[in-house]
Amino acid sequence: MNLHKREFMQILGAGAVAGMAMGRFADADAATASEGLYEAPRFGQVSFLHMTDCHAQMLPIHFREPSINMGVGSMRGQLPHLVGEHLLKATGVRAGSAQAHALTYLDFDKAARRYGKVGGFAHLATLVKRLKASRPGALLLDGGDTWQGSGTALWTRGQDMVDACKLLGVDVMTGHWEFTLGMERVKEIVDKDFAGHIEFVAQNIQTQDFGDPVFKPYVMREINGVPCAIIGQAFPYTPIANPRYMVADWAFGIQDTRMQSMVDEVRAKGAQVVLVLSHNGMDVDLKMASRVRGIDAIMGGHTHDGMPVATLVSNPGGKTIVTNAGSNGKFLAVLDLDIRQQRVADFRYKLLPVFANMLPADKPMQALIDRVRAPYAQQLSETLAVTEGSLYRRGNFNGTGDQLLVDALMDVQGAEIAFSPGFRWGTSLLPGQAITREWLMDMTATTYSFATVSQLSGTTIKTILEDVADNLFNPDPYYQQGGDMVRVGGLQFSLDPLAKMGSRIGDLRLKGQPLQADKNYKVAGWAPVAEEARSQGNPQVWTVVEQWLKAQGGRVKPRQLNTPTITTGLPNPGHA
C-alpha cells in the first residue's frame, strides 16, 4: 500500500478517523450517545470487521484495562505501550468519555458503574449486523482465543463458542488457545463444524514430520469485485507458552520467509488486497510489517491491546496498516479500504467499543446463549463470597484478581511463595459484587489448570523470574513469547526491565529476609505445562481457591498488590 505524506498525516492525527470523536453526543444519555458512538459511514469498496481474544465471554462483563504496559527499547512510548492519560492524549480521546472508559483503567470503578458492562455476544451480534448491512460483502474476521476462557467453553470443549461464532457470521479465523483443546478436537471442529461456514487459516503451522500444512494458509475472497486474500498467522509460540503435548505433531513459528512467499503467491493469483489475520501480538506484528513486503494490513490479537488508531509501518514494498482489537468482546474493529488502480489507495479505521446498554441484544443470539448456558446456570451463579475491592487481572506485573489466587494458594496449601501465570484473560469485578463460581472459572478455566506444590531452591526461583522477565522485556519482539510477568505471592523482588537477560531480577526477599540460593522453599502454582502434571493427581486450581473463598466468612477484603520494585526505566508512559 502506498500513501502520500498528506494522507499519512491525516490518518495519524485522527481521533475522528478512529471513530472516537463524539461531538454533540459526548455528554448525551446512553440511547442518544449510541447514535454518535456507532456512526460509521461506509468508505471505499472493501471492508473487514475484526474481533479477537473474546476468551469465550458470551455475556456482558467488566474488564479493566492495564495501568502498566511498559515498552522498552524502540517501543518505549509507542503504541501499544501507552496507558491512561498518555493513551488518551496520543489518540485524541476525551477523558471521562465512554471511549476513555473502554480504552483505559482511569476511574475504573466509577466509570464502570456509569457506563455499564461491555461486550456480550448478543450485543456484538447487533453491531455486526448493522455494519454488514451498511457494508455489503464485508467479512467478519476472528483473531482467535475464542474457544477458551469460561466454564462453559471448558465443559463443552469449545462447542458453545463454535455455535455462537457460526451464528455471529464469522467468515475467517485463526487461533491460539484453541489448540489447548488438543489436536483432535481442533481438527474435528475445523473439518466438521466449520465446513461450509468458517475458514480456519494458519500459514505458520506445519506437521512435525514432513512439514505439510495443517490448515489452509490463506483464503481468497472477492469483495465488490475486488480480489482479496486473508492469510492466517496463528500464535507462533504455542508449544512454549502452552503444553507441548497438546500440539505434539505440529510445528509453529513466526516464519517471515514463508509469509513472504504466501504474500507473493496470492499477489500472483490477482489479489489486490492482502490482509494478515494475526495472533502474533502487536509488537511482533509491527516488526513483521517492517520485514515482509506486500501486506496491506495486519489485524492482530494476542496482546489484548485496544488500539483506537492504526499504526502505519514502512517496509520495502510501501506501508502496512497494523491494528489490534482488544479483548473479551469489548471491541469490534472496522477497516474500510478504497481501491484504485488495483491497489489500496486510502483507508479508514475505527475501533468501536461494545457497550451492552447502548446496543440492544440480538434475539437469535440471546436465545442461543440462554440455551447453551442453561445446563450450567445454577452451578455458575453460586456466590462464593463478596469482594470489598475491585478484582482485575490485566497488567504487566500483577492484578488484584491474581493476588487473590496466589493468596488462596499459599493459605490453603501452606506454601511460602506462590506463582500465578501471567495470563491476560480474566474478567473484572467491582467492589460489592459477588464472587461467583463463574468469575472464578473466568480466571482459571484451562484444560491444564492443575494446582501444584513444589520444593524449589532460591536459585531456581530466580531463574524462573529471569526467564519470564526476558520473555516480557526482551527488546526484540520476536523473542517475546507471550503473556505478562508471572504473578508472585509472598516474595518481594526488584526488576530492571532495561538490563540484559539474567540480570533483571534482584533483591529477592521472603518476610524481609534475603532469599537463599541453596535453600529449598515451598512454592505453590498452577497451570503447569509439563506433560507429567496430568497424571500426578493434583486438584484443579479452582477447587483450591473455592475452598479459600468459602472460608472467608462471606466477604473478601481488598487485595494488597505484591509487585516488583522497578529500578530503571521510569517514568514511562506505559507505567501509571
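The entries below go through sheets, helices, single residues and cysteines.

**Entry 1**

I am reading a predicted model. I keep that in mind for each entry.

**Entry 1: the six-stranded sheet**

I began with an open sheet of six strands. I read their order as S4-S3-S2-S1-S13-S14, with mixed pairing. Which strands stand at the edges? I found S4 (199–200) and S14 (343–353) there. Each has a single partner strand, so one side of each is left without a neighbour in the sheet.

Next I looked at S3 (residues 172–173) beside S4. The two run parallel and are joined by two bridges. I checked valine 172 in particular: its bridge partner in S4 is glutamate 199.

**Entry 2: two helices, H8 and H9**

I turned to helix H8 (residues 159–168) and helix H9 (residues 183–193). They pack at an angle of about 25°, and their axes are 12 Å apart. That angle makes H8 roughly parallel to H9, because angles under 35 degrees count as such. I noted the crossing of H8 past H9 as right-handed. Which residues make the contact? From H8 I listed Gln159, Val162 and Lys166. From H9 I listed Arg185, Ile189 and Asp193.

**Entry 3: threonine 238**

I looked up threonine 238 and found it in helix H10 (residues 238–241). Is threonine 238 buried or exposed? Its relative accessibility is 1%, so I wrote it down as buried, the cut-off being under 20%. I then asked what it touches, leaving aside neighbours within four places in sequence. The contacts are His176, Phe179, Val247 and Phe252.

**Entry 4: alanine 415 and strand S16**

I moved on to alanine 415. It sits in the loop between helix H15 (400–413) and strand S16 (417–420). This alanine 415 is buried, at 11% relative accessible area. Not counting residues up to four places away in sequence, alanine 415 touches Met410, Lys522, Val523 and Ala524. Alanine 415 and valine 172 are 243 residues apart in sequence. In space they are 45 Å apart, C-alpha to C-alpha.

Then I took S16 itself. In a regular strand the side chains alternate between the two faces of the sheet. For S16, I found both faces covered. Ile417 and Phe419 are buried on one side. Ala418 and Ser420 are buried on the other.

How does S16 pair with S23 (residues 520–526), and over how many bridges? I read a parallel pairing over two bridges. S16 also runs antiparallel to strand S19 (residues 487–489), joined by three bridges. Alanine 418 has a bridge partner in each of these strands. In S23 the partner is alanine 524. In S19 the partner is glycine 489.

Strand S15 (residues 383–387) pairs with S24 in the parallel sense, over two bridges. Here I noted valine 386 opposite arginine 555 in S24.

How many residues of H18 are buried? I wrote down seven of its ten, so I call H18 mostly covered. They are Val541, Trp542, Val544, Val545, Glu546, Trp548 and Leu549.

**Entry 5: cysteines**

I searched the whole structure for disulfides and got zero. I then checked cysteine 54. Its sulfur has its closest cysteine sulfur in cysteine 165, 5.9 Å away. That is too far for a bond, because a disulfide needs the two sulfur atoms within 2.5 Å. Cysteine 54 is buried, at 2% relative accessibility. I looked at cysteine 228 as well: it is buried too, with a relative accessible area of 0%.

Definitions and conventions:
Residues are numbered from 1 along each chain as its sequence is written. This is a predicted model: local features need pLDDT of at least 70, side-chain atom pairs count only at pLDDT 80 or more; totals for chains, interfaces and linings use all residues. Side-chain values use heavy atoms; hydrogens and water are left out. Helices (H or I, at least four residues) and strands (E, at least two) are DSSP runs, numbered from the N terminus. Buried means under 20% relative accessible area, exposed over 50%, partly exposed in between (1.4 Å probe, protein chains only). Contact means heavy atoms within 4.5 Å. Two strands pair if DSSP finds at least two bridges between them. Axes are lines fitted to C-alpha atoms, for helices over the stretch in contact, and angles run from 0 to 180 degrees between N-to-C directions. Angles under 35 degrees count as roughly parallel, over 145 as roughly antiparallel, 65 to 115 as roughly perpendicular and the rest as oblique. A crossing is left-handed if the near helix is turned anticlockwise from the far one by less than a right angle, and right-handed if clockwise.
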